[in-house]
Amino acid sequence: MTPSIALALAVLVLVIILFVTDAVRVDVVGLLMMVLLPLLGLVTPQQAIGGLGSSAVVSIIGVIILGAGMEKTGVMRALSRVILKYAGKSEQRVVILIASSVATISAFMQNIGAAALFLPAARRISRQTGIPCSRILLPMAYCAIIGGCLTMVGSSPLIMLNDIITLDGEKLAPFSMFSVTPIGLCLVGAALLYFGLLGKYILPPAAGQDQSGPLSGLLDKTYHDVGGLFEMRVPKYFTGAVPLSALGLRPSYYTSVVAICRNGTGKHIIGPVADDEIHPGDHIAVVGPRHFVETLACDLCWELLPELSTFAEVLAPDNAGIVEALVTPRSELVGKTIHDFGLRRNYHISPLALFRDDKLILENLRAQKFQAGDALLLHGAWTRFHQLQERPDLLVFTEPILGEVLRVDKAKYASIISLTVLLSILVLNVSLPIALLGGSLAMILARVISVDEAYQAVDWMSVFLLGGLIPLGLAFENTGAAKFLADHATMWLGAPSFPVLLVVIALLTSFFTLFTSNVGATVLMVPLAMNMAADAGADPRVAALAVALAASNTFILPTHQVNALVMRPGGFRAADYIRAGSGMSVIYLAVMIGGLILFAGG
């Protein structure tokens with residue numbers, strides 16, 4: 001063992017310790033590698049910072065910008081609606097549908113592109129269903145990686161495999177497009193079963209950046225007496241059409257009607273005015289204390305539903321919620337009533353409560369005259385609050401306002417650009433980072449997304465994490481540390497049976513792939529594996545295929561670009577990957593080796 005190999009292994013141990021203990025943030029670990037490795041002489045300064053310009057990092061930046069464009073035009077909202085139509089609010093169905101869809105797409109394009117395509121939809125579904133984002137994104141990320149094993153064009157190691165399977169100067173028979181498909185299907189099925197059965201035990205409950213309650217944390221603090229959001233059904237035998245003002249719900253039950261859905265029409269009225277009528281068969285969304293809402297349902301013979309159904313999407317936290325707004329000292333509203341301001345009439349926003357002089361006012365809100373310093377609790381669609389923010393009279397200080405004004409007129413441009421990027425990668429063989437950067441540029445030029453919005457969308461933590469770990473892989477190759485470990489494993493192994501040989505090859509490849517690129521691990525391990533198989537009297541092609549498949553066994557650390565992509569949105573720590581990824585890695589290896597023996601003639 002040379003001093004440089006010892007240094008490379010010591011740095012590797014340091015990285016593992018920092019990941020496991022969470023002593024510093026993962027992007028700081030990446031920056032540490034950029035500084036430490038060239039100082040130790042393990043990589044050149046150019047190699048140390050070259051990771052920031054690598055294909056993996058550039059691809060991540062490109063797909064994030066493309067995803068932001070799809071999100072801001074409402075395309076992802078439409079995709080979310082389709083998934084929710086079939087999955088409902090079942091966590092298992094949502095996870096399986098998203099993960100299997102990503103795996104299928106990943107079979108024909110780079111897994112980072114497949115994961116990024118579904119990332120905005122997954123985050124939106126999390127907000128609409130209340131399922132923690134972490135419980136959706138990690139299965140999605142793992143299945144994006146595994147989906148690359150469904151075809152010979154799904155991952156870089158499999159793509160290059162036919163070009164490097166040479167033994168004693170003789171080129172071996174190439175694998176066909178779907179040679180690996182039976183094994184890939186078993187791997188995807190095993191992953192879905194793993195998360196379906198054990199997901200609630202191994203996935204972190206943290207919701208990441210996107211999780212929010214049905215209304216707002218404000219209801220748990222200052223405005224806890226306001227109550228919650230409920231849906232009610234008006235019976236068919238309800239007498240005629242009655243205006244809201246005639247029902248007297250607020251003075252009698254301290255309850256506000258925030259939305260109406262007309263029976264059989266699917267037409268939603270958000271923030272209805274006093275003259276809007278209630279018809280037989282209508283669905284009503286109300287905000288109020290539960291015991292008052294239950295009393296209301298009993299008195300009027302309305303049915304109180306156990307959860308939101310008709311309003312599940314339009315009033316989901318991703319589309320609507322509550323904010324707190326302050327009447328400014330110089331506001332023109334001082335001395336005027338809420339009715340004069342016309343919150344419902346002009347903005348379709350429902351007032352829920354007024355907080356004045358440490359007193360919470362819930363009744364007779366329409367007649368209350370504004371005073372400087374009054375705080376209003378308001379419910380409505382996020383797009384309406386963005387419009388309200390433009391008024392100088394009311395200071396909306398609840399942050400963040402989740403929604404935004406969608407550029408639906410740009411949806412066709414976003415879809416065309418994304419489809420063009422996909423086809424250029426699959427059909428024209430355009431380089432992945434070039435295609436993604438071209439698509440990002442097209443999004444900006446078509447004004448789907450602004451330059452500032454593109455910069456804000458990029459997750460720079462993931463960029464610096466990957467940019468710093470790529471030099472670590474180069475250090476392993478430069479110093480010969482990877483070859484040193486592989487050679488010593490071969491010497492220690494002797495002449496094993498073929499199943500044992502496959503296990504050793506898979507373990508070595510998996511280890512190298514965690515810290516080097518999967519392409520680098522494949523190039524290193526394929527010649528060694530084929531020679532080991534030839535010495536053992538086994539099929540070298542199967543050994544080479546084992547290397548290419550094991551190169552996708554990268555679940556334990558956030559070093560793979562897909563794992564890094566979902567780290568911030570899912571709120572993951574390195575320990576979360578270790579907990580969920582350890583079991584996934586064991587299952588992956590067991591199914592992969594079994595599949596090779598069964599389907600590849602091992």
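This is a short tour of the structure, one selection at a time.

Before you start, note that this is a predicted model, in which local features need pLDDT of at least 70 and side-chain atom pairs count only at pLDDT 80 or more, while totals for chains, interfaces and linings use all residues. Residues are numbered from 1 along each chain as its sequence is written, and side-chain values use heavy atoms, with hydrogens and water left out.

**Stop 1**

Strands here are DSSP runs of E with at least two residues, helices are runs of H or I with at least four residues, and both are numbered from the N terminus. Two strands pair if DSSP finds at least two bridges between them.

Strand 5 (residues 256–261) and strand 8 (residues 283–288) run antiparallel and are joined by five bridges. Click on Val-257 in this pair: its bridge partner in strand 8 is Val-286.

Is strand 3 mostly covered or mostly open? It is mostly covered, with five of its six residues buried. Buried means under 20% relative accessible area, exposed means over 50%, and partly exposed is in between (1.4 Å probe, protein chains only).

**Stop 1: salt bridges**

How many salt bridges does the structure hold? There are seven. A salt bridge is a side-chain nitrogen of Lys or Arg within 4 Å of a carboxyl oxygen of Asp or Glu.

Select Arg-233 and Glu-303, whose side chains meet in a salt bridge (2.3 Å, N to O). Arg-233 lies in strand 3 (residues 228–233) and Glu-303 in strand 9 (residues 303–304), so this pair ties together parts that are 70 residues apart in sequence. Arg-233 is partly exposed at 31% relative accessibility, and Glu-303 is partly exposed at 40%.

Then select Arg-135 and Glu-91, where the closest N and O atoms of the salt bridge are 2.8 Å apart. Here helix 8 (residues 134–147) holds Arg-135 and helix 6 (residues 91–106) holds Glu-91, so the pair ties together parts that are 44 residues apart in sequence. Arg-135 is buried, with a relative accessible area of 9%, whereas Glu-91 is partly exposed at 30%.

For a further stop, pick Arg-573, Asp-576 and Arg-579, which are linked in a network of salt bridges.

**Stop 3**

Three bridges join strand 11 to strand 12, which run antiparallel. Click on Phe-355 to find its bridge partner in strand 12, Leu-360. Then look at Arg-356 and Asp-374, whose side chains meet in a salt bridge (2.7 Å, N to O); both residues are buried.

**Stop 2: aromatic rings**

The structure holds eight aromatic pairs. In Phe-341 and Tyr-347, the ring centres are 6.0 Å apart and the planes are at 45°, so the pair is tilted. Rings of Phe, Tyr and Trp (its six-membered ring) pair if their centres lie within 6.5 Å; planes under 30 degrees apart count as stacked, over 60 as edge-to-face and the rest as tilted. Both Phe-341 and Tyr-347 are buried.

Next, select Tyr-142, Tyr-194, Phe-195, Phe-555 and Tyr-588, which form one aromatic cluster.

Finish at Phe-175: Arg-541 lies over the face of this ring, at 4.2 Å from its centre. A charge sits over a ring if NZ of Lys or CZ of Arg is within 6 Å of the ring centre and within 35 degrees of the ring normal.
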